[in-house]
Amino acid sequence: MYGIFMESVVIFKNYTGGRYLIVLFALALVYLLAAEKDKRRRALFVYMPLSLLLLFFFPIFRKVFVRLMGGEGDTYYRVLWLIPMGMIIAYSGVKLASWLYEKKGAWAGGIAFAAVGAGIVFGGKYVYASQYMSKAENMYHLPQNVIDICDLIAPEEGEERIWAVFPTDLVYFVRQYDTDIQLLYGREMVEPKWQYAEPVHTVMNHPTTIDVEELLKLTRERYCTYIVLPNVKDKGVTQDPESFGLELIGIVDGYPVYYDPVAAAVIEKQFG
């Protein structure tokens with residue numbers, strides 16, 4: 001039980017991002033516990049967060065949560081999403097500033113307000129400096145090369161949906177843009193923690209070279225008519241794709257896009 005408790009402590013520390021904001025949150029809770037008299041606000045900003053924190057650190061609750069989630073304990077941090085930490089800190093700061101304003105005057109309230117604001121700003125991190133943040137390239141907030149590739153291979157209005165295979169780094173975005181493009185593998189295959197096996201993904205995910213013959217053997221069995229190979233600067237191929245009947249219809253931002261007339265002929269023969 002102690003081990004489970006310490007794991008919860010580590011999850012909480014990682015979630016809050018550092019000791020400074022934990023202290024600020026704790027001070028806010030203590031202050032509201034003493035100063036807030038409104039019953040509904042006490043319930044929202046004090047009793048509910050404290051109850052959730054107690055449950056979060058309670059080992060038996062975590063064991064039950066993990067069992068209900070099918071054994072996936074890596075989502076346990078989401079319990080903390082129910083605690084409005086930012087709202088609690090902001091509300092307590094405003095309440096403190098307004099109390100000082102009434103008791104000491106505008107200067108005291110202004111200083112308290114500025115101090116709390118500065119504490120929040122300097123205690124956090126500039127999110128736009130994160131490696132996971134990038135400037136939007138279009139109104140869809142998706143990589144432009146994915147949109148260009150999808151527009152290149154998408155079926156015309158009224159036509160049947162198509163099957164395609166994309167490199168791992170583009171898989172996450174395709175279905176967000178066009179659901180008429182069906183993928184041989186999606187996010188469930190490329191997330192290592194789920195440990196799914198997909199032969200096409202195994203070939204595409206080779207660290208240095210893609211075996212074109214093996215890839216086409218698998219894609220043609222699945223009636224896949226479009227193949228988007230990884231960026232040419234990142235990965236090569238064992239043989240020239242055109243020698244197997246593929247037609248290069250474009251290179252988008254370094255990603256070769258091929259049409260497979262052999263797979264299309266099989267589809268026409270069997271389903272046309």
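1. Five strands make up an open sheet of mixed pairing, in the order 2-1-4-7-6, where strands are DSSP runs of E of at least two residues and helices are runs of H or I of at least four, both numbered from the N terminus, and where two strands pair if DSSP finds at least two bridges between them. Strand 2 (181-183) and strand 6 (247-252) are the edge strands, each pairing on one side only, and the twist from one strand to the next averages 30 degrees.

2. This is a predicted model, in which local features need pLDDT of at least 70 and side-chain atom pairs count only at pLDDT 80 or more, while totals for chains, interfaces and linings use all residues. Residues are numbered from 1 along each chain as its sequence is written, and side-chain values use heavy atoms, with hydrogens and water left out.

3. Strand 6 and strand 7 pair in the antiparallel sense over five bridges, and Glu247 stands opposite Tyr259 in strand 7. The two strands form a hairpin with two residues between them, and Asp253 in the turn has a positive phi of about 55 degrees.

4. The axes of helix 5 (residues 85-103) and helix 6 (residues 106-123) come within 7 Å and cross at roughly 160 degrees, which makes helix 5 roughly antiparallel to helix 6 (under 35 degrees counts as roughly parallel, over 145 as roughly antiparallel, 65 to 115 as roughly perpendicular and the rest as oblique). The residues in contact include Gly93 and Ala97 of helix 5 and Gly109 and Ala112 of helix 6; by class, the contact has eleven nonpolar, two polar and no charged residues.

5. Helix 2 (residues 19-35) also meets helix 6, their axes coming within 9 Å and crossing at roughly 150 degrees, and the two helices are therefore roughly antiparallel to each other. Tyr20, Leu21 and Leu24 of helix 2 and Gly119, Ile120 and Gly123 of helix 6 make the contact.

6. The axes of helix 2 and helix 5 come within 9 Å and cross at roughly 55 degrees, which makes helix 2 oblique to helix 5. Among the residues of this contact are Phe25 and Leu32 of helix 2 and Lys95 and Trp99 of helix 5.

7. Where are the salt bridges, and how many does a search of the whole structure find? The search finds four, a salt bridge being a side-chain nitrogen of Lys or Arg within 4 Å of a carboxyl oxygen of Asp or Glu. One of them joins the side chains of Arg62 and Glu7 (2.7 Å, N to O), and this pair links distant parts of the chain, with Arg62 in helix 4 (residues 59-68) and Glu7 in helix 1 (residues 2-16), 55 residues apart.

Terms used
Axes fitted to C-alpha atoms, helices over the stretch in contact; angles between N-to-C directions. Contact = heavy atoms within 4.5 Å. Nonpolar A, V, L, I, M, F, W, Y, C, P; charged D, E, K, R; others polar.
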